[in-house]
Number of protein chains: 2
Amino acid sequence: MIEHGVLNNQLSVLRAKKGYSQKDVAEKIGVSRQTIVSIEKNKYNPSLKLAFELAYLFEVEVEEVFQYILKEEL
Amino acid sequence: MIEHGVLNNQLSVLRAKKGYSQKDVAEKIGVSRQTIVSIEKNKYNPSLKLAFELAYLFEVEVEEVFQYILKEEL
DNA sequence: ACATTATGTAAAAAATATATTACATTCAGT
DNA sequence: ACTGAATGTAATATATTTTTTACATAATGT
């Protein structure tokens with residue numbers, strides 16, 4: 001895939017606001033804690049559904065959880 | 001994963017507006033045409049990066065390409 | 001000092017997205 | 001009637017995400 005940008009996310013910030021631990025988020029979404037850790041550290045590229053579920057949990061838009069930083073902006 | 005919604009998308013509409021074929025989109029994004037077909041038919045759950053690349057191509061927000069329809073709304 | 005919770009890391013297995021190839025069908029243009 | 005472009009479907013192979021399990025460390029409360 002041609003990649004015009006790189007993924008970034010605000011997961012730890014959003015977690016802190018709500019006072020959720022990684023484990024809390026994992027359980028609320030129904031994935032493993034490892035998945036949350038990996039996403040939080042930008043280790044990989046989650047599925048769109050997972051992104052929407054995270055946005056739903058934190059009651060924000062997908063773009064507030066994940067940012068696609070265009071390479072030309074770096 | 002707990003799924004509060006189902007994915008829907010406007011790919012064929014956006015393609016039509018721009019006059020792009022599936023092949024065009026596949027080539028512009030750098031994925032196979034099969035991937036575009038499968039996403040368009042809601043056969044699966046693309047990666048977030050791919051969703052962002054599609055939004056970038058069509059010059060719209062991710063939410064204009066993909067909608068997460070909450071099950072309570074169905 | 002001890003127990004508990006939160007976080008970070010890692011490796012292997014399982015699940016799923018994506019690639020590749022091939023073929024069928026429909027439709028527009030000639 | 002023919003050709004080429006666009007779309008739909010399917011099977012297998014490959015790549016990547018996600019799970020599972022386990023262990024290490026730091027921080028907090030008792």
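Angles under 35 degrees count as roughly parallel, over 145 as roughly antiparallel, 65 to 115 as roughly perpendicular and the rest as oblique. This is a predicted model, in which local features need pLDDT of at least 70, side-chain atom pairs count only at pLDDT 80 or more, and totals for chains, interfaces and linings use all residues. Residues are numbered from 1 along each chain as its sequence is written, chains are lettered from A and ligands numbered from 1 in the order in which they are written, and side-chain values use heavy atoms, with hydrogens and water left out.

**View 1. Packing of helices α2(A) and α4(A).** Helix α2 (residues 22-29) of chain A packs on helix α4 (residues 48-58) of chain A at an angle of about 110°, and their axes are 10 Å apart. Axes are lines fitted to C-alpha atoms, for helices over the stretch in contact, and angles run from 0 to 180 degrees between N-to-C directions; helices (H or I, at least four residues) are DSSP runs, numbered from the N terminus. α2(A) and α4(A) are therefore roughly perpendicular to each other. On α2(A), the contact (heavy atoms within 4.5 Å) is made by Val25(A), Lys28(A) and Ile29(A), and on α4(A) by Leu50(A), Glu53(A), Leu54(A), Leu57(A) and Phe58(A). These residues divide into 6 nonpolar, no polar and 2 charged, where Ala, Val, Leu, Ile, Met, Phe, Trp, Tyr, Cys and Pro count as nonpolar, Asp, Glu, Lys and Arg as charged, and the others, Gly among them, as polar.

**View 2. Packing of helices α1(A) and α4(A).** Helix α1 (residues 11-18) of chain A packs with α4(A) at about 30°, with the axes 11 Å apart. The two helices are therefore roughly parallel to each other, and their crossing is left-handed. Leu11(A), Leu14(A), Arg15(A) and Lys18(A) of α1(A) make the contact with Leu54(A), Leu57(A) and Phe58(A) of α4(A). By class, this contact has 5 nonpolar, no polar and 2 charged residues.

**View 3. The interface of chain A and chain B.** Chain A has 29 residues in contact with 29 residues of chain B. About 2,600 Å² is buried between the chains, 65% of it on carbon and sulfur atoms; buried area is the accessible area (1.4 Å probe) that two parts lose on being put together, summed over both. In chain A, Met1(A), Leu48(A) and Lys49(A) lose the most area to chain B, together 26% of what that side buries. Of the interface residues of chain A, 100% are also interface residues in chain B, so the copies meet through the same surface.

**View 4. The relation between the copies.** Chain A is superposed on chain B by a rotation of 180° with 0.0 Å of shift along its axis (RMSD 0.0 Å). The two copies are thus related as by a two-fold rotation axis. The superposition is by least squares on the C-alpha atoms of residues with pLDDT of at least 70 in both.

Terms used:
Left-handed = near helix turned anticlockwise from the far one by under 90°.
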